[in-house]
Amino acid sequence: MDYDEFKKELKKEVEHLFACRDTHYTIKLCKVRKNNGVEFDTFCICEDHKNAGLNIYVDSYFNDYRAGKSIIDIAAGIIEYYIKMKDIKINNFDNIFELNSCKRSIYLRLVNYNRNSEILKNAPHIRYLDLAITFRYGFFESDGSFISTLVCVEFMKNWGVSLDELYRISFINTVRDFPFKVKSLSSILIESILNELEVDKCKEIYQILQAIDDEINMYVCTNVTGINGATCILYNNVLQKFSKEFNCNVFILPSSIHELLLVPETSEFMADFLRDLVVDVNKAAVSDVDFLSDNVYYYNRVINTVTIV
C-alpha cells in the first residue's frame with residue numbers, strides 16, 4: 001500500500017471508530033501549509049459545535065505502518081490522542097476571535113519573507129531585513145511543547161487592533177514568556193559530548209575540550225525554550241549587551257528560526273566565510289520548515305542597527 005492509499009484507508013478507519021462511539025465529528029484530509037510553504041498532510045477533526053478543530057499530522061503514522069503496525073491500531077492511537085488532547089487544544093482556540101481571551105498569548109515569530117510570501121498575503125506582518133515579523137496565538141502544553149497558529153488578517157480585524165498595537169502586545173508577551181539566553185557554542189558542544197560518555201571518562205575528555213573552548217568564538221542566542229528563538233534579535237539590549245561585553249560589533253548568523261549564532265567582529269572569521277558557512281549549514285543540517293535565511297547580518301553598536309552584510 002502506497003502513501004496515498006494509506007491516507008484514504010486510515011481516514012476510513014478513524015471515521016469508523018468515531019461512528020462506533022456515536023459521536024458527531026467531521027474528519028477532513030487536509031494539506032496544512034507550515035513555515036516556508038512546507039506542506040503536511042493532516043486529519044482535521046472537528047466537533048460539530050466547535051469553532052476550532054484538531055489537526056493530527058498523518059506523515060509520521062505512515063512510518064509506523066511501514067514498520068508493521070496495523071491501520072486499525074494506528075487509527076485507535078489517533079482516537080486515543082484526540083480524546084486526550086481535544087479539550088486542551090480546542091478549548092484554547094475556541095475563543096480565538098475574542099481579544100480578551102487571547103491577549104496574553106500572542107507572540108512574535110521571525111520567518112523568511114520570500115519563502116512565506118503567499119502565506120503573508122493573509123497575515124499581518126512587519127518587514128525586517130529579508131525577514132518578516134509574524135504573529136502567533138499559542139500556548140504551552142503540560143509536557144512543555146508549544147502549540148500555536150498564525151494570526152491571520154481576519155483575527156486582527158475581529159480583535160479591533162492596529163498593526164502597531166498588535167506588535168506591542170506580542171512583543172511584551174514574547175519577552176516575558178520566552179526570555180533570551182546566550183551560551184558559547186563550544187560549551188554546548190562540550191555538554192553534548194560529555195552526555196554521551198561514561199562517567200569515568202568525562203573528566204579527562206572535559207579537560208581536552210576545555211582547552212579548545214576559546215578557539216570557537218561563536219555564541220548561540222535563543223530563548224529558554226529553544227522555540228522560535230531567532231526572535232531574540234528583536235529584544236531590547238540583547239545585541240547591545242553582547243557587543244559591550246566583547247567591545248566590538250557583531251556578526252549574526254541565522255542558524256534557524258529557533259536560534260542565532262553571534263560572532264564578535266574581533267574574531268578571525270570574515271564576512272565571506274561566514275556567509276558560505278550559513279549557506280552550507282542550511283543545505284546540510286537545517287530542515288526546510290526551520291530555515292530562516294542564507295544571509296549574514298551585522299550589528300553596528302555605535303548606531304545600534306542591524307543590516308545585511
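Is Asn36 buried or exposed? Asn36 is buried, with a relative accessible area of 10%, where buried means under 20%, exposed over 50% and partly exposed in between (1.4 Å probe, protein chains only).

This is a predicted model, in which local features need pLDDT of at least 70 and side-chain atom pairs count only at pLDDT 80 or more, while totals for chains, interfaces and linings use all residues. Residues are numbered from 1 along each chain as its sequence is written, and side-chain values use heavy atoms, with hydrogens and water left out.

The chain averages a pLDDT (the predictor's confidence in each residue, from 0 to 100) of 85, and 83% of the residues score at least 70.

| Confidence in the chain | Element | Mean pLDDT |
|---|---|---|
| Lowest | helix 9 (residues 199-211) | 49 |
| Highest | strand 5 (residues 126-128) | 98 |

Where pLDDT is low, the predicted coordinates should not be read in detail.

Helices (H or I, at least four residues) and strands (E, at least two) are DSSP runs, numbered from the N terminus. Asn36 lies in the loop that joins strand 1 (25-33) to strand 2 (39-47), and its contacts (heavy atoms within 4.5 Å), not counting residues up to four places away in sequence, include Asn112, Arg115 and Asp288. Strands 1 and 2 pair in the antiparallel sense over nine bridges, pairing being called if DSSP finds at least two bridges between two strands. Lys28 has Cys44, in strand 2, as its bridge partner.

Elsewhere, helix 7 has several buried residues, among them Leu166, Ile169 and Phe171, and the buried residues of this helix pack against strand 4 (106-112), strand 6 (131-140) and helix 6 (153-159).
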